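Here is a short briefing on one protein chain.

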Amino acid sequence: MPGKMRTDFGEINISDDVLASLAGLATTECYGIVGMASKSAKDGIVELLKRENLSKGVKVSSDGEEIIIDLYIIVEFGTKISVIADNIISKVKYTLENLTGLKVKKVNINVQGVRV
């Protein structure tokens with residue numbers, strides 16, 4: 001379901017793909033991220049997504065007027081995952097709220113792998 005925002009002049013609908021792309025780009029700018037992973041890790045094999053497919057590592061859902069973002073990431077070996085997750089949550093929430101005007105309820109981080 002796309003993000004919806006009502007104004008005095010009408011309604012604005014923002015596609016889930018747009019929200020996913022924005023969240024994916026904001027995530028990859030954070031320190032300690034190798035890249036985005038596919039949402040379905042079959043047989044324990046995680047696929048590192050290329051820059052043009054970042055939205056495939058993001059799941060967007062809505063809860064009323066608010067949106068929930070699920071991110072599937074691969075982190076760099078030797079970095080503290082909790083610090084990386086906090087940075088990603090802050091960056092994604094700030095980016096989406098400032099660029100779209102929508103309220104972000106939650107950002108869930110799913111670490112799919114660690115790369116050297």
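**Overall layout**

The protein's secondary structure comes to two helices and six strands. Helices (H or I, at least four residues) and strands (E, at least two) are DSSP runs, numbered from the N terminus. Read from the N terminus, the order of elements is β-β-α-β-β-β-α-β.

This is a predicted model: local features need pLDDT of at least 70, side-chain atom pairs count only at pLDDT 80 or more, and totals for chains, interfaces and linings use all residues. Residues are numbered from 1 along each chain as its sequence is written, and side-chain values use heavy atoms, with hydrogens and water left out.

**Burial, surface and contacts**

- Of the 116 residues in the protein, 36% are buried. Buried means under 20% relative accessible area, exposed means over 50%, and partly exposed lies in between (1.4 Å probe, protein chains only).
- The protein exposes about 6,900 Å², and carbon and sulfur atoms supply 51% of that area. Accessible areas come from the Shrake-Rupley method with a 1.4 Å probe; for residues, only the protein chains shown count as cover.
- Take the contacts (heavy atoms within 4.5 Å) between residues at least 6 apart in sequence: 63% of them join residues at least 24 apart.

**Salt bridges**

- Side chains of opposite charge can pair when their charged atoms come close.
- A search of the whole structure finds three salt bridges. The criterion is a side-chain nitrogen of Lys or Arg within 4 Å of a carboxyl oxygen of Asp or Glu.
- Glu29 and Lys91 meet through their side chains in a salt bridge, at 2.9 Å from N to O. Glu29 lies in the loop between helix H1 (16-28) and strand S3 (33-36) and Lys91 in helix H2 (residues 81-100), so the pair ties together parts that are 62 residues apart in sequence.
- Glu29 is exposed, at 57% relative accessible area. Lys91 is partly exposed, at 30%.
- Lys105 and Asp63 form a salt bridge at 2.4 Å, N to O. This pair links distant parts of the chain: Lys105 is in strand S6 and Asp63 in strand S4 (residues 58-63), 42 residues apart.
- Both partners have their own values: Lys105 is partly exposed at 40% relative accessibility, and Asp63 is partly exposed at 37%.
- Lys103 forms a salt bridge with Glu97, with the closest N and O atoms 3.8 Å apart. Lys103 is partly exposed at 42% relative accessibility, and Glu97 is partly exposed at 25%.

- Asp70 sits in strand S5 (residues 66-76).
- The Asp70 side chain makes a polar contact with the side chain of Asn108 at 2.7 Å. A polar contact is a pair of N or O atoms within 3.5 Å; within protein, one must be able to donate a hydrogen and the other to accept it, and residues adjacent in sequence count only if both atoms are side-chain atoms.
- Leaving out residues up to four places away in sequence, Asp70 touches Gly57, Val58, Lys59, Asn108 and Asn110.

**A nonpolar surface patch**

- Phe77, Ile81, Val111, Val114 and Val116 form a nonpolar patch on the surface, with about 530 Å² of accessible area together.
- Patches are made of residues with over 30% relative accessible area and no salt bridge; like charges are joined within 9 Å, and nonpolar side chains (Val, Leu, Ile, Met, Phe, Trp, Tyr) within 5 Å.
- Val116 is found in the segment after strand S6 (103-115). Val116 counts as exposed, at 96% relative accessibility.
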